[in-house]
Amino acid sequence: MPAPRRAASARPLPHRGRTLPALAHRRWTLPATALAAAALLALTAACGSRLPESDFGTDDRSPAPTRATSEPLHVGIITSATSPVGGSAFTGPRDGAKAYFDRLNSRGGIDGRRVEVHLCDDGGSGVGNNECVRKLVDEQKVVALVATTAFDYAGAARVSSAGVPDIGGQPIGTAYDTYPHLYSIYGTSAPRNGTTGWDGKLYGGTEVYRYFKREHGARTAAVVSYNQSASAAYARLIERGLKAEGYDVVSEQVDFALPNFRAVAADLRQQGADLVFDAIDAHGNARLCRAMDEAGAKVTAKVTNVQNWTSAVTRDYKDAPSCRNALWATGHSRNYEDTSHPAVREFRDATADLETHSQWQLEGWAAARWFTDAAKSCANEGITRACVDAYVNRSDGYTAGGLLLPVSFTPSPEPPRTSRTCLSVARWQDGKGWVSQGDMNRTCFTVPQLAYEP
C-alpha cells in the first residue's frame with residue numbers, strides 16, 4: 001500500500017522542518033524548515049529589490065547543450081554560504097548535492113556526459129542572489145538549479161521567467177509557493193501563479209504536536225522566544241498550533257540582548273512542561289539547554305527541526321548532557337543515520353570524508369538525484385531545461401529512492417482544510433546519534449491546516 005501523501009503545500013506548523021525564513025516555514029512546523037528565529041531576526045532586511053511580477057510571465061527557456069555531444073551538463077547551486085547568520089548555516093544542501101554529482105561523474109555521468117557544477121555564494125543578500133541568478137542562468141546557461149538554499153531568494157522571479165527548473169530547493173522564503181518552475185524539496189499544492197499560496201496565505205498542519213500528544217502523552221508545552229518581532233511572531237504561530245491540538249501552553253520570552261535563560265529554566269521546571277519549542281537561534285538553544293540542566297528542568301522532548309538535525313549535537317550541547325539527550329527532530333526525509341536503508345547507505349559512503357553529517361546534506365543529495373533522474377529520462381530527446389522541468393513538474397509521489405516522503409506539485413485551486421501528513425522523527429542518544437522513531441511512511445496523522453500570512 002502506498003504511503004499517505006502529505007498535503008502538498010501545507011507546512012507543519014512550527015518545527016517541522018525548514019529554516020525560519022522570514023519566519024514563514026510553511027509546513028507549519030514552520031518548515032520546515034527553522035534556523036530559529038533570532039538568527040535571522042537580528043539582521044537588517046537583505047538589500048536588493050525583487051523583480052516585478054511583470055518580469056515573471058515570459059518563457060524564454062534557453063536549451064542546454066543537446067544530446068549527441070560530449071559537452072558537460074551545466075548545473076548551478078546557489079547557497080548563502082557567507083550569509084549574515086553564519087558560515088555553515090546554509091551549506092548542508094550544497095555539500096550533499098555536490099557529493100552526489102562527484103560520485104555520478106566518477107561513474108560516467110549522465111548519458112556519457114559529465115555534470116559540471118557551478119557554485120555561487122550569494123552572500124545572503126538580495127543583490128548577491130540576483131547576481132548569482134544572472135551569472136548561472138544567463139552566462140553559464142545552466143540546464144537547472146539544484147538544492148538552492150538562499151537567505152533572500154530575490155532572483156526567484158527571474159529564474160521562473162527563464163523557465164529554469166530549480167529542483168529540490170530549501171523553502172526558506174515564499175518563492176517555492178509563488179512561482180512556477182521552482183520545486184522545493186518538500187513539494188507544494190499552492191497554485192504557484194505569481195501570488196504566494198492562496199491569495200497571499202499559506203497553510204500549515206499540526207502533525208508535530210499531534211505526534212507528541214498521541215505517542216508520548218504530552219499535554220503541556222513551553223514556547224521560548226526573544227522580545228523581538230520576528231521571534232515573537234514565530235512563537236505565536238507555534239502557540240497557535242499547540243492550542244489547536246489542546247495543549248496547555250506556557251509562553252517564555254527573554255531579552256534578546258541579555259537573555260536570562262536561568263529564569264526560563266526555573267519556570268519550566270515549576271510549570272512541569274512536557275515539551276519545549278523555541279523561536280531562538282542555535283547559540284541561544286545551547287544556553288537554554290545548559291540552564292535547564294543546571295535547574296534540573298527535565299522534559300519529554302526539547303523539539304528541534306531538520307536544520308539542526310546534525311552530528312554536531314555533542315559539540316554544540318557539550319555542557320547540557322540531560323537536555324541533549326532530550327533533543328528530538330522532525331522532518332520529511334529519512335534519517336541520515338538510518339544506514340540500514342540502501343539509499344542512505346550510499347549517501348553516507350559518498351560523504352564519509354565530511355567532518356559532520358546532517359539532514360540537510362541528505363536532502364541536497366536527494367535534490368541532485370532528482371535532477372539526475374529527470375535528465376536521464378530526457379537523454380533520448382535531449383537534456384533541455386524544458387524537458388527536465390516537465391519531468392519534475394509531473395512528480396507525483398517522488399521519493400528519491402526512499403529518501404523523501406512522497407512529493408507532489410499538483411496544484412489545488414482551494415486551500416487545504418485538513419491533510420493526511422506523515423513525519424520523520426528522530427531522537428538524539430549519546431553513543432548512538434539520531435535514532436529513528438518508527439517508520440516515516442507510517443507515522444501519519446490527519447490534521448487541520450491553519451492559515452497564516454508569511
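Reader: What does Phe371 touch, not counting residues up to four places away in sequence?

Author: Phe371 touches Val75, Phe101, Ile110, Val143, Ala144, Val146, Ile167 and Val388, where contact means heavy atoms within 4.5 Å. The model is predicted: local features need pLDDT of at least 70 and side-chain atom pairs count only at pLDDT 80 or more, while totals for chains, interfaces and linings use all residues. Residues are numbered from 1 along each chain as its sequence is written, and side-chain values use heavy atoms, with hydrogens and water left out.

Reader: What makes a set of residues a nonpolar core, and which residues have the most contacts inside the largest one?

Author: A nonpolar core is a set of buried Ala, Val, Leu, Ile, Met, Phe, Trp, Tyr and Cys residues joined through side-chain atoms within 4.5 Å. Buried means under 20% relative accessible area, exposed over 50%, and partly exposed in between (1.4 Å probe, protein chains only). The largest core has 78 residues, and Phe101, Val146, Met292, Phe371 and Trp434 have the most contacts inside it. Helix 12 supplies the largest share of this core, ten residues. Another core, of 22 residues, lies apart from it, with Phe212, Leu242, Trp328 and Val425 among its members. In soluble globular proteins, nonpolar side chains tend to be buried together.

Reader: Why is one side of strand 3 and of strand 6 left without a neighbour in the sheet?

Author: Five strands form an open, parallel sheet in the order 3-2-4-5-6. Strand 3 and strand 6 (182-184) stand at its edges with a single partner strand each, so one side of each has no neighbour in the sheet. From one strand to the next the twist averages 25°; axes are lines fitted to C-alpha atoms, for helices over the stretch in contact, and angles run from 0 to 180 degrees between N-to-C directions. Helices (H or I, at least four residues) and strands (E, at least two) are DSSP runs, numbered from the N terminus.

Reader: Why is strand 8 called largely enclosed by the rest of the structure?

Author: Seven of the seven residues of strand 8 (residues 220-226) are buried, so the strand is largely enclosed. Thr220, Ala222, Val224 and Tyr226 are buried on one side, and Ala221, Val223 and Ser225 on the other, which leaves both faces covered. In a regular strand the side chains alternate between the two faces of the sheet.

Reader: Which strands pair with strand 8 in the parallel sense?

Author: Strand 9 (residues 248-254) pairs with strand 8 over seven bridges, and Gln253 is the bridge partner of Ser225. Strand 10 (residues 275-279) pairs with strand 8 over five bridges, and here Phe277 is the bridge partner of Val223. Strand 8, helix 6 (residues 229-244) and strand 9 make a right-handed β-α-β unit. A crossover is right-handed if, with the strands pointing away from the viewer, the path from the first strand over the helix to the second runs clockwise.

Reader: How do you know that Cys120 and Cys132 form a disulfide?

Author: A disulfide is a pair of cysteine sulfur atoms within 2.5 Å. The sulfur atoms of Cys120 and Cys132 are 2.0 Å apart, so the pair qualifies. The link joins distant parts of the chain: Cys120 lies in strand 3 (residues 115-121) and Cys132 in helix 3 (residues 126-139), twelve residues apart. Both Cys120 and Cys132 are buried. A search of the whole structure finds four disulfides.

Reader: Why is the disulfide of Cys422 and Cys444 called right-handed?

Author: The torsion about its S-S bond is about 95°, so the disulfide of Cys422 and Cys444 is right-handed. This pair also links distant parts of the chain, Cys422 in strand 15 (residues 418-422) and Cys444 in strand 18 (residues 444-452), 22 residues apart. By contrast, the link of Cys378 and Cys387 has -100° about the S-S bond and is left-handed.

Reader: Why does Cys378 count as buried?

Author: Cys378 has 0% relative accessibility and therefore counts as buried. Cys387 is buried too, with a relative accessible area of 13%.

Key: Two strands pair if DSSP finds at least two bridges between them.
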